Each structure stands twice: as structure tokens, then as C-alpha cells.
Amino acid sequence: MKTVSVVAAVILRENQQTGKKEIFATQRGYGDWKDWWEFPGGKIEAGETAEEALAREIREELATEIRVGEKIGTVEYDYPDFHLSMQCFSCEIVSGKLELLEHENAAWLSSETLRSVNWLPADEAVLGRVESAVLNLFET
């Protein structure tokens, strides 16, 4: 089975009204998994580090510059046609407005709303780590 190596950004912000940490999720607008939700990111190209690939993908998909932070973990998941190896990193926005250039929708999700969208299976597999390693640690 073919392996596809990708990176995913768990982009964080503090909601100015509630003071709670939120993460940015995007909804796919194309392909077999259209309408499913994911952490934005994409494939690692030859010669790139995971961090370089993630910064490039967010620039290309969302017209935003990010700071790639700590690695949250790697998810290994078997889809019907390929094996996905997805490295997930916590990220912060440096500049830009998160313009949806490839996705059909997006949302900022808190620990209370994180599971309210229909996540892609590989992304869903990392939600527990996102909650414990990212959201809950930063709740005020």
C-alpha cells in the first residue's frame, strides 16, 4: 500500500471574548472526502522538513504565515487506497487572515465544540492528544 506523508497545523488562538483557547479547523471542498473536516496542511515535498512543508502549505492554502511549534504527535492511518502518516504540530499565526483558498468552510473550535464537526478519520484519531496537549493546558 502506498504511504502518503503529510503535516497538519493545529493553529491556536485565544478567544478575546471568552478567554478560552481555540483551534482552527477547515472543511474540504473537493475529492472523495468533500465536506469532511481536517486540520489544515498537506504533503511534504522532497527536500523539505516537516516544519518547512507545514509553513508552505498554510501559506498556499490560507495565505497566512505561521510559527510552527511543538510536535503534538504522528498519526498512522490506513485509508482504503493508501496509508497516511500525518505529523501534527501546534502553530500560531504570525501574519495573515486565514483566507480560504482551497477549503469551503472553516471554524474556530474550543474544547467544548471540538467534536461537533465531522472529522476525517486520521484527524479524529489525534483529537484526544489535541485536547490534552494543546487545549486543556492553555485554558484560563
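R59 counts as partly exposed, at 38% relative accessibility. Its side chain meets that of E65 in a salt bridge, 3.2 Å from N to O. E65 is partly exposed as well, with a relative accessible area of 30%. This picture comes from a predicted model.

A second pair is E60 and R56, whose side chains also form a salt bridge. Both residues lie in helix α1, which covers residues 50-62. They are four residues apart, about one turn of the helix. R56 counts as buried because its relative accessibility is 10%, under the 20% cut-off. E60 is partly exposed, at 42%.

E22 is buried at 9% relative accessibility, while R13 is partly exposed at 33%.

| Salt bridge | N to O distance |
|---|---|
| E60 and R56 | 3.2 Å |
| R59 and E65 | 3.2 Å |

These pairs are among eleven salt bridges in the count. The protein carries 14 positive and 26 negative side chains. The centres of the two sets lie 2 Å apart.

Now the whole fold. The protein has three helices and seven strands. Their order along the sequence is β-β-β-β-α-β-β-β-α-α. The radius of gyration is 14 Å, close to the 14 Å from the globule rule for 140 residues, so the protein is as compact as a globular protein of that length. Buried residues make up 47% of the 140. Of the contacts between residues at least 6 apart in sequence, 67% join residues at least 24 apart.

Note on methods. Residues numbered from 1 in each chain as written. Predicted model: local features only at pLDDT ≥ 70, side-chain atom pairs only at ≥ 80, totals over all residues. Heavy atoms only, no water. Helix = DSSP H or I, 4+ residues; strand = E, 2+ residues; numbered from the N terminus. Rg over C-alpha atoms; globule rule 2.2 N^0.38 Å. Buried < 20%, exposed > 50% of the residue type's maximum accessible area, 1.4 Å probe, protein only. Contact = heavy atoms within 4.5 Å. Lys, Arg positive; Asp, Glu negative; His and termini not counted. Charge placed at Lys NZ, Arg CZ, Asp CG, Glu CD. Salt bridge = Lys/Arg side-chain N within 4 Å of Asp/Glu carboxyl O.
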